[in-house]
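Please look over the sequence and the 3D structure below. The paragraphs after them walk through a few residues and the pairs they form.

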Amino acid sequence: MASSWQQILAIDARYNAYRTPNSPQFRTLYVKRRSQLLRENAKAGFDSQIRKQYIRQRMQLLADKYGATITLSDQSSLRSRSTSIRGSTTNLSALEDPYGVRSQSRLSSNQLEVPGDGLLPKGLTPTKNAEASRALVGDNTIGENYAFAGMHHIFDQHSKAVTAVKFANDDKSRVACSSLDGTLSVCQVLPSPATVICILKGHSDGVTDFCWSLSNDLLLSSSLDGTVRLWVVSSGKCARIIEDPNKVPVHCCTFQPLNNNLVISGNSRGHVQVLNVSTGKTARGGLGKLPGRVLCLTCNDTGNLLWAGDDKSNLQSFIFDITSGKLSKGKRIVVSEGHPITCLSFRAWISREASDPSLLINCAYNSLCLYRIVSSDGEPRLRKTFSIKHRNENIRSSFCPLMSFREGACVVTGSEDMSVYFFDIERTTKPCVNKLQGHSAPVLAVSFNYDESLLASSDSDGLVIVWKRQQNAEENLKDIQGNI
């Protein structure tokens with residue numbers, strides 16, 4: 001049975017960090033070959049009692065050889081643990097409370113839950129003791145995990161700056177781009193050769209931002225032409241045009257995470273507006289105001305908190321009523337007086353060392369800022385800043401999607417010096433772990449696919465580069481994680 005070889009492979013992966021510590025490539029090949037053999041044997045079929053006996057003996061042999069560092073009880077325990085490992089990589093939001101803090105209601109006061117590793121006493125550093133998670137990434141260093149170097153493909157279908165680039169949700173092959181040439185494009189990057197699936201035309205001015213719907217069947221775009229448009233990805237057709245009530249340029253947009261019939265836009269008059277897709281009108285009470293032009297928006301995963309940033313460096317939080325679309329003001333801070341906030345990204349669980357819900361903020365005073373969210377009304381508090389070149393362009397950044405399985409946690413950002421930067425937020429000195437150079441213009445936007453095997457970056461000349469991870473690091477993550 002398929003479940004049997006998955007359980008056996010899960011045991012092997014837990015001990016993988018101990019195998020040939022000086023030869024990580026062998027560890028990858030070992031687990032890959034084990035997966036191959038187990039798949040073949042599973043097709044032949046074996047008595048369930050023999051399978052149980054083999055699992056017990058396998059556990060005992062590994063414990064005798066490497067030490068009983070991992071306590072695994074029975075077959076049902078193995079199944080639940082391996083399922084926990086698979087699910088936690090892409091579904092961490094299910095563990096969050098309404099403002100992004102993981103629920104602790106079912107844990108005792110002196111325990112901390114770690115996906116795939118059970119319960120650990122508070123005060124320990126889980127990453128250094130979580131062998132299953134270390135095995136998932138092949139026990140690589142942060143630098144090895146983010147060793148992007150080669151170019152997978154270069155897209156040049158846009159004639160002006162590509163303002164945003166985003167991989168589809170939980171999809172490693174489709175990426176979309178928006179451009180100041182007034183179009184959007186949807187591209188297929190896997191399998192090779194990469195192709196442009198369709199060009200979405202309809203906006204009469206530059207497209208400033210876009211967002212995938214949760215199911216990836218729709219795209220939402222905003223434009224300097226004063227409209228927000230809804231596109232059907234499969235046909236490439238525009239399904240609805242929503243004009244800005246003030247008839248002014250719209251700089252950003254996003255879907256409400258739990259109700260895709262509601263979308264949120266920010267315009268040059270400083271208005272944050274909740275729009276009903278069905279009626280094309282602003283929801284009752286769904287209007288918020290900032291002093292400057294609203295350039296960026298982000299919601300927490302449950303959708304009850306919204307943050308907006310403007311060109312005067314104001315960061316405003318709103319409490320969002322999901323049913324009615326009403327906005328209520330939360331907290332406002334000034335990041336750096338007079339410097340535009342060009343990008344906001346929310347993450348509920350950064351890493352095991354830093355479990356606070358956080359905002360990643362690009363602000364045009366040569367800094368990328370990381371803020372902690374410290375209250376239920378979205379109040380941010382500065383945690384760390386990173387130096388990049390950023391003064392004039394609308395630079396974007398992103399959290400790395402799989403960082404909860406690593407020692408440390410990384411973020412990636414564009415920069416006006418034509419480079420892409422990776423920063424480890426846990427390092428106190430020399431936080432830059434990688435720097436990609438290949439663009440000949442300021443890098444405006446970056447995006448990972450969900451398993452971090454590919455990274456897309458775009459620039460102000462309209463070029464999009466899809467970078468690939470170095471082979472050894474990619475195989476460690478993809479082959480091991482994909483088979484558990």
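**Charged pairs and buried residues**

Lys 247 counts as exposed, because its relative accessibility is 64%; the classes are buried for under 20% relative accessible area, exposed for over 50%, and partly exposed in between, computed with a 1.4 Å probe on protein chains only. This is a predicted model, in which local features need pLDDT of at least 70, side-chain atom pairs count only at pLDDT 80 or more, and totals for chains, interfaces and linings use all residues. Residues are numbered from 1 along each chain as its sequence is written, and side-chain values use heavy atoms, with hydrogens and water left out.

The side chain of Lys 247 meets that of Glu 243 in a salt bridge, at 3.2 Å from N to O. A salt bridge here is a side-chain nitrogen of Lys or Arg within 4 Å of a carboxyl oxygen of Asp or Glu. Side chains of opposite charge can pair when their charged atoms come close. How many salt bridges does a search of the whole structure find? The search finds ten.

Another salt bridge joins Arg 293 and Asp 311, with the closest N and O atoms 2.9 Å apart. This pair links distant parts of the chain, 18 residues apart: Arg 293 is in the loop between strand S15 (282–289) and strand S16 (294–299), and Asp 311 is in the loop between strand S17 (305–310) and strand S18 (314–320). Strands are DSSP runs of E with at least two residues, and helices are runs of H or I with at least four, numbered from the N terminus. Arg 293 is partly exposed at 35% relative accessibility, whereas Asp 311 is buried at 17%.

Lys 331 forms a salt bridge with Asp 377, and their closest N and O atoms are 3.9 Å apart. Lys 331 lies in strand S19 (residues 327–334) and Asp 377 in the loop between strand S22 (367–373) and strand S23 (380–387), so the pair ties together parts 46 residues apart in sequence. Lys 331 is partly exposed, at 33%. Elsewhere, salt bridges that share partners join Lys 166, Asp 209 and Arg 396 into one network.

Is Thr 413 buried or exposed? Thr 413, in strand S25 (residues 410–413), is buried, because its relative accessible area is 0%. Leaving out residues up to four places away in sequence, Thr 413 touches residues including Leu 368, Ile 388, Arg 396 and Tyr 421, where contact means heavy atoms within 4.5 Å.

Phe 346 lies in strand S20 (residues 341–347) and is buried at 11%.
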